[in-house]
Amino acid sequence: MRRLPVRSVRGSISVTVALACLTAGCTQASQRVTSGPQTSPSATVRASASTDAPPASASSAPSFGVTVDPAHASWVRAIDTAIGDRDVSVAVGLDDRIVSTHLGEQPRVLASNEKLLTSMAALDLLGPSFRYRTTAAAHERPRHGVLHGDLWLVGGGDPTLTPTGLSTLAQRLRASGLRRVTGGVVGDTGAFDRGWWAPGWLPRISRDYVTRPTALRLAGGDSSPEPEAAAAFAAALRSAGIDVAGATSVAAEPAGLHTLAAIDSAPMAQLLVEQNHESDNLYAELADKALGAAEGRDGSTAAGARVIQRWAAADGSNSTVRDGSGLSDEDRTSATGMVTMLLTARHRPWFRALYRSLPTGGEGTLSSRLDGVPVRAKTGTLFIRPASTLSGYVRTGAGTLVAFSVLTHDLPEATAIAIEDGIVRTLAAASIR
């Protein structure tokens with residue numbers, strides 16, 4: 001997936017000096033980072049969490065609290081020096097503590113760091129083994145190998161659906177005894193809404209970075225997803241030896257259909273690897289709609305965004321969510337909120353799936369960055385409100401896994417990336433325990 005362009009302006013010489021200090025680890029006297037609004041060391045910034053149930057219903061589960069407990073160490077001073085007076089939010093946490101913040105409570109544009117929220121909500125509410133299902137359905141079951149009426153193709157949001165998958169579905173119908181369809185093939189348009197917009201999406205440009213997130217579509221398809229899928233399925237049926245008498249069409253699925261055969265996508269845990277390694281906007285927007293549909297709502301971008309926002313609030317972050325991908329410049333989360341969610345994720349049974357979904361240095365969207373550094377992180381870039389972000393986990397020199405979030409605003413791209421990577425390298429070199 002292409003990255004949204006970033007407005008570029010000339011950087012200052014001072015950042016080079018500061019980042020040299022960052023990369024080297026700067027072992028001078030310690031100093032607490034206190035440039036932004038401060039939370040008292042005893043403040044709890046995490047609501048109760050459950051290891052099995054969605055956060056909204058976890059009131060009876062044991063609580064896990066994240067508190068602000070500032071560290072006094074040389075790596076803290078190194079980060080503070082490199083940031084200077086730039087508009088950058090940083091938070092670093094380990095175990096149940098946020099040990100360093102700089103403008104940590106300030107809500108920030110997330111860009112594709114929004115995909116972290118989408119990933120965590122999907123893993124928690126849908127589960128790592130969740131699969132999108134594509135079904136062949138009809139009003140009546142076949143009799144003596146003949147289906148009287150139309151055969152419906154109903155999508156469930158699978159971003160990986162291919163003609164090969166539809167051939168498998170057709171072969172399953174053939175194996176069940178189906179030989180003829182007296183009607184046509186109808187592609188469903190109603191499982192999700194067909195909306196292709198969210199507040200904060202820049203007109204026309206955002207659509208260049210995500211195709212229409214419909215429930216029924218072929219991977220790589222574009223402007224007419226449901227007709228394309230229906231036509232491919234009709235061709236697959238005929239290739240499987242099933243005669244289809246009628247033409248293909250599209251419509252919203254009516255009530256009362258019976259499932260005749262189905263195919264499933266790979267599990268959510270596997271799909272998130274593609275989503276987060278390549279920052280795939282379509283995968284994220286379909287996960288967003290699936291979250292809305294799973295709550296019995298309309299399967300829209302807005303419904304899914306509300307689910308993610310409520311989930312984030314229950315998980316300790318006062319986030320504003322408009323979409324699943326981060327294309328909206330109205331998506332907002334603070335660095336402290338992000339790290340709180342990342343720390344809490346470590347106590348969830350799906351943490352390994354989240355961790356593996358994030359690229360390490362030299363992979364995916366980090367292919368030209370942080371090679372050899374023990375980091376797993378999600379990048380983000382947006383130019384509507386110039387923003388560059390990096391959040392995830394890094395293992396320190398002492399072997400401790402820490403969570404971090406760096407959210408920059410209105411900086412040249414090269415400067416922002418240098419600050420992000422310098423902070424990660426400093427944490428990787430530090431003896432944080």
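Predicted model: local features only at pLDDT ≥ 70, side-chain atom pairs only at ≥ 80, totals over all residues.
**Entry 1: the ring of tyrosine 355**

I started at tyrosine 355 and found arginine 376 over its ring face, 5.6 Å from the ring centre. For a charge to sit over a ring, I asked for NZ of Lys or CZ of Arg within 6 Å of the ring centre and within 35 degrees of the ring normal.

Residues are numbered from 1 along each chain as its sequence is written, and side-chain values use heavy atoms, with hydrogens and water left out.

Next I searched the whole structure for aromatic pairs and got four. Phenylalanine 351 and tyrosine 355 have ring centres 5.6 Å apart and planes at 35°, so I logged this pair as tilted. My rule was that rings of Phe, Tyr and Trp (its six-membered ring) pair if their centres lie within 6.5 Å; planes under 30 degrees apart are stacked, over 60 edge-to-face, and the rest tilted. Ring pairs also bring in Tyr393, making a cluster with Phe351 and Tyr355.

Phenylalanine 351 and tyrosine 355 are four residues apart in helix 10 (residues 351-357), about one helical turn. Helices (H or I, at least four residues) and strands (E, at least two) are DSSP runs, numbered from the N terminus. Are phenylalanine 351 and tyrosine 355 buried or exposed? Both are buried, where buried means under 20% relative accessible area, exposed over 50% and partly exposed in between (1.4 Å probe, protein chains only).

**Entry 2: helix 6**

I listed the buried residues of helix 6 (residues 268-278): Met268, Leu271, Leu272, Gln275, Asn276 and His277. They pack against helix 3 (114-125), helix 7 (281-294), helix 10 and strand 14 (375-382); contact here means heavy atoms within 4.5 Å. Just after helix 6, I noted a positive phi of about 55° at serine 279.

**Entry 3: salt bridges**

How many salt bridges are there? The count came to 13, taking a side-chain nitrogen of Lys or Arg within 4 Å of a carboxyl oxygen of Asp or Glu.

I looked up arginine 97 and aspartate 69, which meet at 3.5 Å, N to O. Arginine 97 is in strand 3 (residues 97-102) and aspartate 69 in the loop between strand 1 (67-68) and helix 2 (74-83), so this bridge ties together parts 28 residues apart in sequence. Arginine 97 is partly exposed at 24% relative accessibility, as is aspartate 69 at 33%.

Lysine 289 and aspartate 193 came next, at 3.0 Å, N to O. Lysine 289 belongs to helix 7 and aspartate 193 to the loop between strand 9 (185-188) and helix 5 (225-239), so the pair ties together parts 96 residues apart in sequence. Lysine 289 is buried at 0% relative accessible area, whereas aspartate 193 is partly exposed at 29%.

I also found Asp124, Asp315 and Arg348 linked in a network of salt bridges.

**Entry 4: strand 9**

I checked both faces of strand 9 and found them covered, with Val185 and Gly187 buried on one side and Val186 and Asp188 buried on the other. Strand 9 pairs in the parallel sense with strand 7 (residues 151-154) over three bridges; pairing needs at least two DSSP bridges between two strands. Here leucine 153 stands opposite glycine 187. Strand 11 (residues 249-251) also runs parallel to strand 9, joined by three bridges, and its serine 249 stands opposite valine 186.
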